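Below is a short note for a colleague who has the model open. The points are numbered so that each can be checked on screen.

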Amino acid sequence: MTETAAPTTVVAADGEAADWGPLSSLPGNPMMWILILGELAVFGAMFIGFAVARALDPATFDASQAQLDRLLGGVNTMVLVTSGWLVAVAVRRRASGRSHRVAMLGAMALGGGFLAIKAVEYGDKIGRGLTLETNSFFQLYYLLTGFHAMHVAAGIVILGIVTWWDSLENLETGAAFWHMVDLIWVLLYPIVYLLR
């Protein structure tokens with residue numbers, strides 16, 4: 001979703017361009033892509049763990065999944081995808097020399113909206129006695145969605161930083177992290193809320 005201007009060149013301490021291999025051709029700082037690959041591996045392992053736990057106890061998982069609010073999860077999907085689109089717009093505008101801050105502020109606001117909706121959802125579950133102690137489904141539900149929410153919060157901070165220090169490389173680096181957050185939710189929502 002991020003539009004690139006030119007491959008990033010990282011300059012090593014000796015003044016020569018560092019060779020990051022395939023990562024050198026990706027937008028943003030290659031170190032961010034290493035972090036992203038690590039995060040994707042962690043979430044991938046968690047999704048596999050969720051699938052295995054579900055296969056071992058499908059009745060509990062089906063009954064528990066029915067307690068989730070699919071509408072709020074769907075609304076949050078639209079909120080986060082729209083936020084990712086605004087970040088892509090901001091990068092495109094920055095690459096063409098136009099102002100990008102309104103789009104970035106909109107993206108951060110939507111990220112905050114995602115967290116607010118998630119807090120409403122958590123409050124509803126806890127109010128009905130559906131907590132970490134309920135069963136293995138809700139343990140994994142809170143683990144997966146809570147870990148993702150932490151990434152959303154971190155992403156908002158990163159977007160704020162790159163909005164202030166707004167070189168194109170910085171914006172592309174922040175956008176790469178934010179799109180990872182989008183991607184994980186787009187996978188997490190159907191796995192946890194929809195698939196039976």
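This is a predicted model: local features need pLDDT of at least 70, side-chain atom pairs count only at pLDDT 80 or more; totals for chains, interfaces and linings use all residues.

1. The chain has six helices and zero strands, and the order of elements from the N terminus is α-α-α-α-α-α. Along the principal axes, the C-alpha atoms fill a box of roughly 60 × 35 × 20 Å.

2. Burial and contacts of the chain. Of the 196 residues in the chain, 44% are buried. Taking contacts between residues at least 6 apart in sequence, 73% join residues at least 24 apart.

3. Helices H1 and H5. A packed pair of helices is described by the angle between the axes and the distance between them. Helix H1 covers residues 30–56, and its axis lies 10 Å from that of H5, at an angle of about 165°. H1 and H5 are therefore roughly antiparallel, since an angle over 145 degrees counts as such. Their crossing is left-handed. On the H1 side the contact is made by Met-32, Glu-39, Val-42, Phe-43, Met-46, Phe-47, Phe-50 and Ala-53. H5 contributes Phe-137, Leu-140, Leu-143, Leu-144, Phe-147, His-148, His-151 and Ile-158. Sorted by class, this contact of H1 with H5 has 13 nonpolar residues, two polar and one charged.

4. Helices H3 and H4. Helix H3 (residues 70–95) packs on H4 at an angle of about 165°, with the axes 8 Å apart. This angle makes H3 roughly antiparallel to H4, and the crossing of H3 and H4 is left-handed. Residues of H3 in the contact include Leu-72, Val-75, Asn-76, Val-79 and Leu-80. Among those they meet in H4 are Ala-103, Met-104, Gly-106, Ala-107 and Leu-110. The contact of H3 with H4 divides into 15 nonpolar, six polar and two charged residues.

5. Aromatic pairs. How many aromatic pairs does the structure hold? There are 17 aromatic pairs. In one of them, Tyr-122 and Tyr-142, the ring centres are 5.4 Å apart and the planes stand at 45°, so the pair is tilted. Tyr-122 belongs to helix H4 (residues 101–127) and Tyr-142 to helix H5 (residues 136–164), so this pair ties together parts that are 20 residues apart in sequence. Tyr-122 counts as buried at 19% relative accessibility, a value to set against the cut-off of under 20%. Tyr-142 is buried too, with a relative accessible area of 12%.

6. Tyr-189 and Tyr-193 are both buried.

7. The aromatic cluster. Tyr-122, Tyr-142, Tyr-189 and Tyr-193 belong to one aromatic cluster.

8. His-148. Setting aside neighbours within four places in sequence, His-148 is in contact with Phe-43, Leu-80, Phe-114, Val-181, Ile-184, Trp-185 and Leu-188.

9. Met-104. This residue is in helix H4 and is buried, with a relative accessible area of 1%. Its contacts, leaving aside neighbours within four places in sequence, are Val-87, Ala-90, Leu-159, Val-162, Thr-163 and Leu-171. The C-alpha atoms of Met-104 and Leu-171 are separated by 9.5 Å, while the two residues are 67 residues apart along the chain.

10. Thr-77. Helix H3 holds Thr-77, which counts as buried at 14% relative accessibility. Which residues does Thr-77 contact, leaving aside its neighbours within four places in sequence? Thr-77 is in contact with Trp-185 and Tyr-189.

Terms used: Residues are numbered from 1 along each chain as its sequence is written. Side-chain values use heavy atoms; hydrogens and water are left out. Rings of Phe, Tyr and Trp (its six-membered ring) pair if their centres lie within 6.5 Å; planes under 30 degrees apart count as stacked, over 60 as edge-to-face and the rest as tilted. Helices (H or I, at least four residues) and strands (E, at least two) are DSSP runs, numbered from the N terminus. Buried means under 20% relative accessible area, exposed over 50%, partly exposed in between (1.4 Å probe, protein chains only). Axes are lines fitted to C-alpha atoms, for helices over the stretch in contact, and angles run from 0 to 180 degrees between N-to-C directions. Angles under 35 degrees count as roughly parallel, over 145 as roughly antiparallel, 65 to 115 as roughly perpendicular and the rest as oblique. A crossing is left-handed if the near helix is turned anticlockwise from the far one by less than a right angle, and right-handed if clockwise. Contact means heavy atoms within 4.5 Å. Ala, Val, Leu, Ile, Met, Phe, Trp, Tyr, Cys and Pro count as nonpolar, Asp, Glu, Lys and Arg as charged, and the others, Gly among them, as polar.
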